[in-house]
Amino acid sequence: MDYVNGPGRNHLFVPGPVNIPDQVIRAMSRNNEDYRSPAIPALTKELLEDVKKIFKTTTGTPFLFPTTGTGAWESALTNTLSPGDRIVSFVIGQFSLLWIDQQQRLKYNVDVVESEWGRGADLDVLESKLASDSAHTIKAICIVHNETATGVTNNLAKVRQLLDAYSHPALLLVDGVSSICALDFRMDEWGVDVAITGSQKALSLPTGIGFVVASPKAIEASKTAKSLRVFFDWSDYLKFYKLGTYWPYTPSIQLLYGLRAALDLIFEEGLENIFARHNRLGTATRLAVEAWGLKNCTQKEEWFSDTVTAVLVPPNIDGAEIVRRAWKRYNLSLGLGLNKVAGKVFRIGHLGNMNELQLLGCLAGVEMILKDVGYPVKLGSGVAAASAYLQNNIPLIPSRI
Ligand SMILES: Cc1ncc(COP(=O)(O)O)c(C=O)c1O
């Protein structure tokens with residue numbers, strides 16, 4: 001039995017996994033093949049070069065692990081650090097919390113910097129830690145670029161600025177799972193040492209590729225890092241890169257062809273146009289939230305996320321009930337509030353393969369659901385605010401000009 005069937009399409013507005021373009025689905029509908037033939041290495045070689053472009057790096061080395069974001073986290077940590085190493089890590093929501101849990105279970109010595117959920121990483125605390133660490137005991141800074149649980153985007157340029165201001169050599173490890181390929185991400189410019197993302201987010205593929213891109217400094221660190229690693233060991237990959245066969249174990253053939261198609265679409269639209277589209281989607285959503293008289297969980301504009309908006313609901317309303325109704329009555333999938341903000345927010349994911357009119361459908365659905373659960377919203381108010389903005393700002397589709 002297929003539990004998702006309903007008339008029309010499911011309106012998928014969770015902040016990952018996201019909608020997959022038809023071209024990508026078609027590209028993956030193919031037989032298995034021998035990955036030791038010349039075809040897969042040729043395909044992989046080009047994919048690795050193209051992946052660098054979406055991370056904005058020319059010097060980084062990409063690894064495409066058959067895994068999820070969680071595996072990519074583990075790969076970033078275990079290849080660059082040794083047990084007991086001191087790292088600074090920020091908890092601002094559920095995903096940064098889960099990464100810290102992983103860091104602690106891998107036996108690193110984690111300096112946890114906490115912020116209220118809805119606020120960004122506390123960079124003043126980072127500054128004071130860097131200022132008092134002339135002995136360079138801090139080996140890495142771990143930061144989530146975009147906290148998917150609260151819709152908060154951290155300022156990575158500022159983190160780099162602080163590291164440089166104190167001439168601190170700590171590695172900068174960044175979770176770009178819900179940012180890369182939707183929000184501007186500049187690996188080289190920001191001196192990011194390891195950046196990761198997952199295929200099911202802005203790249204709009206199925207889950208299953210964990211992207212890990214390592215700077216030359218990170219590759220150097222991997223030569224002496226003592227953390228135990230096997231499946232995620234970069235050195236196995238590097239050996240096969242040198243041989244020109246690329247894969248130390250079986251890759252997902254179909255996902256590689258899907259990635260080829262996804263990257264082709266990304267380059268056709270243009271990275272900067274993609275960032276602008278996400279900015280429009282984020283802005284339109286925020287305008288709708290304001291028109292409904294509700295508050296964004298994100299407390300300040302400087303942290304507003306263009307990939308996900310967590311909407312605070314009044315205390316007498318259960319955010320989880322909104323998500324349940326959305327799915328049961330309107331074939332709309334919204335994101336639940338997680339952990340500390342469970343029941344207090346619902347999330348609208350607006351990333352990946354999505355356009356403005358799709359978003360308006362979601363916003364119309366949210367209005368009806370809000371009314372269903374007893375919130376006195378004026379139907380059409382959010383849609384009107386969002387569409388008034390969009391009507392003035394949507395450009396022509398790049399490929400149709
Ligand atoms: C920011 C962030 N990091 C990490 C993860 C974990 O990724 P995965 O579920 O692919 O393991 C997620 C998942 O949503 C995420 O949003």
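This is a predicted model: local features need pLDDT of at least 70, side-chain atom pairs count only at pLDDT 80 or more; totals for chains, interfaces and linings use all residues.
Residues are numbered from 1 along each chain as its sequence is written.

I begin with the domains. An automatic or database domain assignment sets the bounds, and the chain is divided into domain 1 (11–18 + 270–400) and domain 2 (22–267). Their C-alpha centres lie 27 Å apart. Across the boundary, 27 residues of domain 1 are in contact with 26 residues of domain 2; contact requires C-beta atoms, placed from the backbone, within 7 Å. On the domain 1 side, helix 10 (271–291) and strand 12 (308–312) are the elements that give two or more residues. Helices (H or I, at least four residues) and strands (E, at least two) are DSSP runs, numbered from the N terminus. Helix 10 provides the largest share of that side, four residues.

Which residues of helix 6 are buried? They are Leu156, Val159 and Leu163, where buried means 20 or more other C-beta atoms within 10 Å of the residue's own, exposed means 12 or fewer, and C-beta atoms are placed from the backbone. These residues lie on the same side of helix 6 because they cover an arc of only 55 degrees around the axis, the arc being that of the directions from the helix axis to the C-beta atoms. In general, an α-helix has 3.6 residues a turn, so residues three or four places apart point the same way. On the other side of helix 6, Ala157, Asp164 and Ala165 are exposed. The cover over the buried residues includes helix 5 (123–131), strand 5 (138–144) and strand 8 (171–175). Just after helix 6, serine 167 takes a positive phi of about 40 degrees.

Now the ligand. The residues around it include Gly16, Thr68, Asp175, Val177 and Ser178, each with its C-beta atom, placed from the backbone, within 6 Å of the ligand.

Finally, lysine 201. An unreviewed UniProt entry annotates Lys201 as "modified residue: N6-(pyridoxal phosphate)lysine"; such annotations may be inferred rather than shown by experiment. Lysine 201 sits in the loop between strand 9 (194–198) and strand 10 (210–214). Is this lysine buried or exposed? Lysine 201 is buried, because 29 other C-beta atoms lie within 10 Å. Leaving aside residues up to four places away in sequence, lysine 201 touches Gly16, Val18, Val177, Ser178, Leu351 and Gly352.

Technical notes
Two residues are in contact if their C-beta atoms, placed from the backbone, lie within 7 Å.
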